[in-house]
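I opened my notebook for a look at how the pieces of this fold sit against each other. Here is what I looked up, in the order I went.

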Amino acid sequence: MTRIIIDSASDYDRQEAAEKGIKVVPLTYTVDQKGYTDGVDLTSDQFFALLERTGAFSQTSQVSPQAAVDAMVEAREEGKKERGHAPELLCMTLSSALSGTFNSMELAAKMVDSEHIHVVDTRSATAGARILADEALRLANQGMPAAQIVRELENLRSRVRIFASLDTLEYLKRGGRIPATAAAVGDRAQLKPIISVDQKGAVGVLSATLGANRAVANVVKRFKECSFDSSYPVYSVYSYGTENVELLERKLAKEGVIATRRLQIGPVIGTHVGPGAAGVVFVEPKRD
């Protein structure tokens with residue numbers, strides 16, 4: 001059976017992932033010159049509280065090739081113990097438009113066993129990557145070969161959508177996503193940006209509105225314009241503080257959509273969106 005490896009920018013809870021047989025490889029980040037391992041050293045709430053308390057900015061680092069090699073070797077050894085032979089590996093990464101982790105994984109695969117290790121760029125992040133990982137696991141449990149799973153994921157990833165409202169433009173500015181002058185004007189006007197992840201895996205600012213209520217309403221409006229495939233989950237996501245995501249869930253419920261589950265954004269993506277973010281992650285229907 002194919003084993004699944006995913007990086008921590010998917011925000012997959014480690015215990016839940018382990019129970020499913022998914023291996024999570026952590027990215028790292030630095031706050032106020034101190035290094036942390038994503039998903040290990042701080043909870044998401046502790047991370048955002050640290051940013052607010054110190055006023056510092058977090059800097060993230062991609063998965064190193066050595067960390068990727070270690071995860072691949074460990075996954076293969078675990079597979080040997082369970083089934084008597086080394087499994088194929090399917091390694092899924094944060095969008096290559098947002099991180100160099102995809103390149104690290106590809107390099108590691110060549111070092112370990114390029115023939116039986118497949119690396120997939122999810123072109124997504126957080127719960128979007130999780131949807132793809134869960135689909136990969138479902139197909140693997142059915143006995144589908146890794147190469148075929150890759151083709152299925154490459155078709156599915158273009159249908160994964162993320163819309164979110166942010167509480168401030170400051171973190172996008174710090175991450176170099178928007179010019180500092182634009183962020184300053186937007187924050188003075190108390191504008192709340194609406195962002196998405198496009199089909200190439202890049203983050204873009206779609207618009208900005210006055211106030212959290214209008215921002216969340218805009219997210220729901222964009223969700224309704226797309227429609228969704230009910231055979232996949234609809235996740236509500238948030239970073240720090242639940243007021244905005246609760247508002248989002250209420251507005252979705254008025255449209256007859258109950259979020260499958262609420263998931264928290266972790267430090268890697270949280271570095272760029274900041275506290276107060278709220279969004280929806282889903283899969284669009286297949287197009288004829």
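**Helices on the sheet**

I began with helix α4 (residues 101–112), which lies across β1, β2, β6 (89–93) and β7 and runs at about 170 degrees to β7. I then found helix α6 (residues 146–156) packing on the sheet, where α6 touches β6 and β7 and its direction makes about 5 degrees with that of β7.

My ground rules: this is a predicted model, with local features needing pLDDT of at least 70 and side-chain atom pairs pLDDT 80 or more, while totals for chains, interfaces and linings use all residues. Residues are numbered from 1 along each chain as its sequence is written, and side-chain values use heavy atoms, without hydrogens and water.

My terms: helices (H or I, at least four residues) and strands (E, at least two) are DSSP runs numbered from the N terminus. Angles run from 0 to 180 degrees between N-to-C directions of axes fitted to C-alpha atoms, for helices over the stretch in contact; contact means heavy atoms within 4.5 Å.

**The sheet**

Next I traced the open sheet: 4 strands in the order β2-β1-β6-β7, with parallel pairing (paired strands share at least two DSSP bridges). β2 (22–25) and β7 (117–121) are the edges, each with a single partner strand, so one side of each lacks a neighbour in the sheet. I noted an average twist of 20 degrees from one strand to the next. Strand β1 (residues 3–7) pairs with β2 over 4 bridges, and I4 stands opposite I22 in β2.

**One last check**

Which residues does M72 touch, beyond four places away in sequence? I listed I5, L89, C91, M105, A108, A109, V112 and I117.
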